[in-house]
Amino acid sequence: MEYSLHFTFREEWTDERLYFNSPSLKHIVLSPGQRIWVPDTFFQNEKDGKKHDIDTPNILIRVYNGTARILYSCRLTLTLSCPMKLADYPLDVQTCVVDFASYAYTTKDIEYIWKEEKPIQIKDGLRQSLPSFLLSNVRTGNCTSVTNTGAYSCLRTIIELKREFSYYLLQLYIPSFMLVAVSWVSFWLDKDSVPARVTLGVTTLLTMTTQASGVNANLPPVSY
């Protein structure tokens, strides 16, 4: 299972080789074509992705005066894997993560640290703009791992998505309740009205089967 995410990715670091001191400039902006060292950050659970370049590459490289601090910012669209648990569907809450780390540099060379103030900024109205889910919470974490080649610093964004229940209430629960209520009418029919009783029972069964098929068509095949 997967989901798509469109966001602006920013990271900062210090490179003394780009130090400058100017009485008038607060910072300078470098073009994406200028060759400077950039961390080899990659997203561990990425399945597909792209950088935006319409009508110019959406990349910002800013070097601050007197500190050699560098700000790197770019717009990304990623397709990420998310192992969803559907046992409580449609009352489920899904937790998806975005893990990013250095591909080649170990913790001796690079250590990722979240910004202390507002490490994740959410656009106004985004929490209620998703068609099927409510963005209930976004928090940060750490996922530093140790492999055969060394320890690699890793940061994690944890996204909690609560499924909107109103759609299923109107399209599934209320119609099912009404079908069950209609099926009870057979108890008030005359015992000799066999065609009416059979027709009512078969119609109810077929309708419930059609509803169940429609729900299952929107779900991945799972063992529960």
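Me: Which residues does the UniProt annotation "transmembrane region" cover?
Reply: The model is predicted: local features need pLDDT of at least 70, side-chain atom pairs count only at pLDDT 80 or more, and totals for chains, interfaces and linings use all residues. Numbering runs from 1 along each chain as its sequence is written, and side-chain values use heavy atoms, without hydrogens or water. UniProt positions follow this numbering, feature names are shortened, and annotations may be inferred rather than shown by experiment. The entry is unreviewed, and its "transmembrane region" covers residues 165-189.

Me: How far apart are the end C-alpha atoms of residues 165-189?
Reply: Helices (H or I, at least four residues) and strands (E, at least two) are DSSP runs, numbered from the N terminus. Residues 165-189 are 72% helix and 0% strand. Their end C-alpha atoms are separated by 36 Å.

Me: How far apart are the C-alpha centres of domain 1 and domain 2?
Reply: Domain bounds come from an automatic or database domain assignment. That assignment gives domain 1 (2-163) and domain 2 (171-218). The distance between their C-alpha centres is 51 Å.

Me: Are H1 and H2 roughly parallel or roughly antiparallel?
Reply: Axes are lines fitted to C-alpha atoms, for helices over the stretch in contact, with angles from 0 to 180 degrees between N-to-C directions. H1 (residues 166-183) and H2 (residues 194-217) have axes that come within 10 Å and cross at roughly 165 degrees. Angles under 35 degrees count as roughly parallel, over 145 as roughly antiparallel, 65 to 115 as roughly perpendicular and the rest as oblique. Therefore H1 and H2 are roughly antiparallel.

Me: Which residue does a cis peptide bond join to Ile54?
Reply: Look in the loop between strand S4 (46-51) and strand S5 (59-64). With omega about -5 degrees, a cis bond joins Ile54 to Asp55.
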